[in-house]
Amino acid sequence: MNLQLMNTKKITLLFVVLICGISARAQKKYTLTSPDQSISATINVADSIYYEISQSVKSLVTNSVVSFKTDQQAAGWKVSKATPSKSNQTLTPVVWQKSKQVEDNYSQLRLDFANGLALEWRAYNNGLAWRWINKSTRPYQVLEEKASINFPNATKSWYPEEESFFSHNERVYKKYTVSDITAKKMASLPVLFDVAQTKVLLTESNLFNYAGMWVTGNGKGGVQAVFPHYPKVKKVTSDRDEQVKERESFIAKIEGKQDFPWRILMIAKTDADLLTNQLPYILGRPATGDFSWVKAGKVQWDWWHYNNIYGVDFRAGINNDTYKYYIDFAAKYGIEYVLLDEGWCDTRDLMKQAKDINVEELANYAKSKKVDLILWASWLVLDKQLDEALDIFQKWGIKGIKVDFMQRDDQDMVNYYEKISIATAKRKLLVDFHGAYKPTGWSRTYPNVMTSEGVLGNEISKFAGSINPEHTATLPFIRMAAGPMDFTPGGMLNVQKNAFADIPSEPMTLGTRCNQMAMYVVYESPLQMLCDMPSHYLREPECMQFIAAVPAVWQQSIPLAASVGEYVAIARQGVDQNWYIGAMTNWTAREMTIDFSFLGEGDYTVKVWKDGINADRNAKDFKMETIKVTKNTKLNIKLTTGGGWVGIVSKV
């Protein structure tokens, strides 16, 4: 080897050593561990912030990056202060969902940077979360937020792929190996990943004054965050649609100090663990003010069947006679609310009622029957008439609104959600966000926000057969993990897959009668709909015994069996101290064992509704029985294809 080549190699080696030494000195490494030591995050601060997550000895998230950039921010990530802390407290929700109390137990690491930003990390026993904090008091624009989540090889996903940022977020969950998710495949949240049988669910919470997070593939065996930028040019295209024609170069414009949304990775050792994870609620901003007036309950709905009731002596339709019939039905069965959906007013003028509707008269009639009313509104007209409309709704005695067709989650629209939440709370009105993005902990911040759509739900059964038992057995583990969902269960015209037809005025549902009934236990919504018409419910008094009794909120929830997209069984305790059990399967008939060890001492009876012997042919077939159990009982149950099982457990 010649001397010149040897000298060149020595210089190159010296250069590499120097660079590596500088890099090593520039890096700062931190470790954060969950309270039970099961989850660990390693955070490296260098040219950006890198992190890895493991569960015990299993790698869940490999070398990934988070970063944040504003137009006022100094360059670099020099840590000026690192503050570890711990918290262990019990939260008491105003409106119970999974439970009446929620454990908030975490380890935290806050990194303050010389550039004025801070980054908080929290490790829980069932997940990890991070958020950015900007301490600047000056106005600024958020130009970029990076968040990549890289996974080990062969990680799989349930991916709600979207076509654009203009969406109701009503998607099927496509099964992709993560390496097959390209930059052109965008998804709304939440997204579920399977990392060697450990489930990792990505979502967000505390989304205020910012844009919602979406993801695409990053070409590195993972996904990366993308955001709808601030609207620059908007155009109203109908009585309910406002589309963004051009966007700004920034994500959001901020006036001063702000805590940004939490990015959450729920971590579940078993599929059942996803059913009790409450991190989106925990990481929501705490409420201020009095919300003791908020009342959960079930809702008789009209739109699903186009008011097509029968067996009455008046002309059915959007008129006071039809809604008084709904109110009478609700009163008969103790249903708390009746919803007047689209049609009660002009969609461009909330003050212009349909010719055969008098809402104030209906509200007074409902009050005399101890039933309350909820009114639907397109978000566009509500935005134009907000104070006028809500004031008159309050005067009429209306108790809530269903706001529809927002279809975006850029900063402009996210701020609309908060505006509605504040304006309704001021007038003691409940809110159901329909045509909406997923919940982001707002039920903690504004407890009058009871439920939201953002789900491919039962309403689609009017038009297509996509709401099938595989889909409905997937929802509890993904969409429902983000918060309450307005799926609208309760269809009584139940069919197996070979008998389905889309009939919008009298819809069918795929799966058995008991599968639909089980949704009242499995699916969480403090405003829980009865989608079908009273004419159908009244001819099913045995089923109404269950639907009338089942609560809309729960003291506690105990998963009994769970596998994403295959089956789910859960026991929940109501305010009445009774336990309610719901079990659902996909298209595969199966047997399950219900373990009653969650019960206390003594004897209990279980009133059961189960798939009938012919339910695999006629999905409406069911059978009732009453059995005796104790906490030592292990009951074998059978579910037919697309089947279900429900029971009410009472102390003897």
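1. A contact here means heavy atoms within 4.5 Å. On that basis, residues 24 or more positions apart account for 70% of the contacts in the protein chain with a separation of 6 or more. The model is a predicted one.

2. The protein chain holds 13 helices and 41 strands. Its radius of gyration is 26 Å, close to the 26 Å that the globule rule gives for 652 residues, so the chain is as compact as a globular protein of that length. Along the principal axes, the C-alpha atoms fill a box of roughly 105 × 60 × 45 Å.

3. On burial, 60% of the 652 residues count as buried. The accessible surface of the protein chain is about 25,400 Å², and carbon and sulfur atoms contribute 48% of that area.

4. Aromatic pairs number 37 across the whole structure. One of them joins F329 and Y537, with 5.8 Å from centre to centre and 15° between the planes. It counts as stacked because the planes are under 30 degrees apart. This pair links distant parts of the chain: F329 sits in helix α3 (residues 320-333) and Y537 in helix α12 (residues 534-538), 208 residues apart. Both F329 and Y537 are buried.

5. A single aromatic cluster is formed by F68, W77, F113, W132, Y210, F227 and F260.

6. Two lysines lie over aromatic faces. K185 is placed over the face of Y176, at 4.1 Å from the ring centre. K462 lies over the face of W303, where the distance from the ring centre is 4.6 Å.

Terms used:
Residues numbered from 1 in each chain as written. Predicted model: local features only at pLDDT ≥ 70, side-chain atom pairs only at ≥ 80, totals over all residues. Heavy atoms only, no water. Phe/Tyr/Trp six-rings, centres within 6.5 Å; stacked < 30°, edge-to-face > 60°. Helix = DSSP H or I, 4+ residues; strand = E, 2+ residues; numbered from the N terminus. Buried < 20%, exposed > 50% of the residue type's maximum accessible area, 1.4 Å probe, protein only. Lys NZ or Arg CZ within 6 Å of the ring centre and 35° of its normal. Rg over C-alpha atoms; globule rule 2.2 N^0.38 Å. Areas by Shrake-Rupley, 256 points an atom, 1.4 Å probe, with all protein chains shown as cover.
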